[in-house]
Number of protein chains: 2
Amino acid sequence: MPQNKQIHLDNRPQGEAQVSNFKLVVGETPALKDGEVLVQHHFLSLDPYMRGRMNDAKSYAQPQALGQTMGGGTVGEVIESRHAKFSAGDMVVGMGGWQQYSVVDADQMGALRKVDTRQVPLSAYLGAVGMPGVTAWYGLVKIIEPKVGQTMVVSAATGAVGSAFAALSKARGCRTVGIAGGPDKCKYAVEELGFDACIDYKLHQDASSLSRALKEACPAGIDGYFENVGGMVLDAVLSRMNAFGRIAVCGMIAGYNGAPLPMTYPALILMNRLKVQGFIVSEHMEFWPEALKELGMLVASGKLRARESIAQGLEAAPEAFLGLLKGKNFGKQLVKLI
Amino acid sequence: MPQNKQIHLDNRPQGEAQVSNFKLVVGETPALKDGEVLVQHHFLSLDPYMRGRMNDAKSYAQPQALGQTMGGGTVGEVIESRHAKFSAGDMVVGMGGWQQYSVVDADQMGALRKVDTRQVPLSAYLGAVGMPGVTAWYGLVKIIEPKVGQTMVVSAATGAVGSAFAALSKARGCRTVGIAGGPDKCKYAVEELGFDACIDYKLHQDASSLSRALKEACPAGIDGYFENVGGMVLDAVLSRMNAFGRIAVCGMIAGYNGAPLPMTYPALILMNRLKVQGFIVSEHMEFWPEALKELGMLVASGKLRARESIAQGLEAAPEAFLGLLKGKNFGKQLVKLI
């Protein structure tokens, strides 16, 4: 069996996560039992939710166990199979974790899914046509419920979720405004992702200043907001929400590393009769087929062309992950493993 | 025509509202035109939303105009009518305002409604079988959507809304826990209103302490919360919400007088996949008949016996209103005008 590099969680972060929280371990892949499949990973997905799992706190996700391989989404190729439905050469998506190979019990519901790479590139199944894409779809379609002509805003606009959100929102006839960090990302959001406007939050010192920029970009106010960051950005958006606006809370990355970030003026929820709803896409598997179908068509037709930031080699994963938490990535953050 | 005492908003509060913001004015009731009805008010309702209208800020309610009679719900008797559907002697509920008499254009939708006082006392149409009761009903039934066996919590538990909430929640088979200020209110909540437990927030200096008391009163966590106050109470309840909990935001009275009160840990909305939704009951008139029917039956059958705090005479209205904002009332705050 092949040698298998893995990255374990070695110790839990105190405040900001560090490279020293991780540890590279080299092992061997075990022999397959009946029903199992050996997958060689081509790409590993890095996602903000992983930061939450590094803590030992009560959260929606089970904490990542210490001394175990970090969990994570992967795409790759079946190398060997003792399962009737999988054969060597099949391209598959699964939750293989931060390692080069995984042995998967393919009878487990949802553990491994074959994908078609004729019109959609393999890596897209970790982004636009994967969990991030479905996340954008669920928040927009099931929580925000957009109507033609309304104004939608998303933070972390050029990330994997934000990119998909833009395509889905534009397809529904909505004015679509992004919030991102830096002029390059904002330019890319408008020129490549189809945003009608994109605001560089780094130009704004506080929520009032960002709120004024939002007023300009959203002259009719904001009807739907997809929240990835929290903190000052949430405060600013709240101040521009229209009556009966909906906020889908998918992430609050700004607060992942340390002290909780308050919502300064929750009374706005009442004044504007807002709905603010948190969700986790893995709890709504019943909508994945519908969402993946639309996302696959958007990618195949070229309407959703999400950028990827690709780190090379498993050893690069910790640095790339910490960069993701600081917004250093540009588009979907992946690690190429072969 | 009779002399008519009125209370006008004379000037807007700077911070805390004061008696000096109001002014007593004596006028006469004008002669009736066709379609109009003269009503002598028996009771005036005092409600927290009126504080918001005293400000000149953007809010869900139009600001109260300066130099005009304060708006407010009233019940009373028709003295004279030039409308075919109303006769002298009819008992009616309307929005007569802070005055002894009102002249009402009875053709205006919802301006005046006849009520039956055989099984439900007149004043109840301003409380349990009026706007506060429907407010509790809408928040519970349409936003929280309780299920048998779940745990419901309401703040300002012995007020008009809280009292109705308790009866409606118990009728749906839910453990029902109140939060109120002081041992007398808490005793009353449990012994008279049917709460399973009631927590005295005045015994708690901070959200952590209140959170521990909530844990004891709600051993299975909190599934639904009806928010009337905001601030520390909201922070404490948020820390005890179960996954997929629902929070109906009806009021944030703690922040009405001054600086905004932050929500300390909005990331809990995500972690517990909560829905937090603000609403104003007057925007959901389509549900009033259904709600009033249930509330009327609860009152007629003795299952909902809400206490009233009754101030005597229009001149007493400003003091009574300021007391209401500080929680000095005990049950529904009314002013008796005859």
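Q: What should I know about the numbering and the model before we start?
A: Residues count from 1 along each chain as its sequence is written, and chains are lettered from A and ligands numbered from 1 in the order in which they are written. The model is predicted: local features need pLDDT of at least 70, side-chain atom pairs count only at pLDDT 80 or more, and totals for chains, interfaces and linings use all residues.

Q: Ok. How is chain A divided?
A: Into domain 1 (3–127 + 306–336) and domain 2 (131–282). The bounds come from an automatic or database domain assignment.

Q: How many residues of domain 1 of chain A are in contact with domain 2 of chain A?
A: 16 residues of domain 1 of chain A, with 17 residues of domain 2 of chain A. Contact means that the C-beta atoms, placed from the backbone, lie within 7 Å.

Q: What sort of residues are on the domain 1 side?
A: In chain A, the side of domain 1 that touches domain 2 has 6 nonpolar, 6 polar and 4 charged residues. Ala, Val, Leu, Ile, Met, Phe, Trp, Tyr, Cys and Pro count as nonpolar; Asp, Glu, Lys and Arg as charged; the others, Gly among them, as polar.

Q: New topic. What is the strand order in the open sheet?
A: The order is 10(A)-9(A)-8(A)-11(A)-12(A)-13(A)-13(B)-12(B)-11(B)-8(B)-9(B)-10(B), which makes 12 strands with mixed pairing. Strands are DSSP runs of E, at least two residues; helices are runs of H or I, at least four; both are numbered from the N terminus. Two strands pair if DSSP finds at least two bridges between them.

Q: And which strands are at the edges?
A: Strand 10 (197–200) of chain A and strand 10 (197–200) of chain B. Each pairs on one side only.

Q: How many bridges join strand 13 of chain A to strand 13 of chain B?
A: 3 bridges, and the two strands run antiparallel. V276(A) stands opposite V276(B) there.

Q: Let's switch to L168(B). Where does L168(B) lie?
A: In helix 3 (residues 160–171) of chain B.

Q: Is L168(B) buried or exposed?
A: Buried, because L168(B) has 27 C-beta neighbours inside 10 Å. The cut-offs are 20 or more other C-beta atoms within 10 Å for buried, 12 or fewer for exposed, and partly exposed in between, with C-beta atoms placed from the backbone.

Q: What does L168(B) contact, leaving aside neighbours within four places in sequence?
A: A136(B), W137(B) and L140(B).

Q: Last one: where is D47(A)?
A: In the loop between strand 3 (36–45) and helix 1 (49–54) of chain A. D47(A) counts as buried, with 22 C-beta neighbours inside 10 Å.

Note on methods
Two residues are in contact if their C-beta atoms, placed from the backbone, lie within 7 Å.
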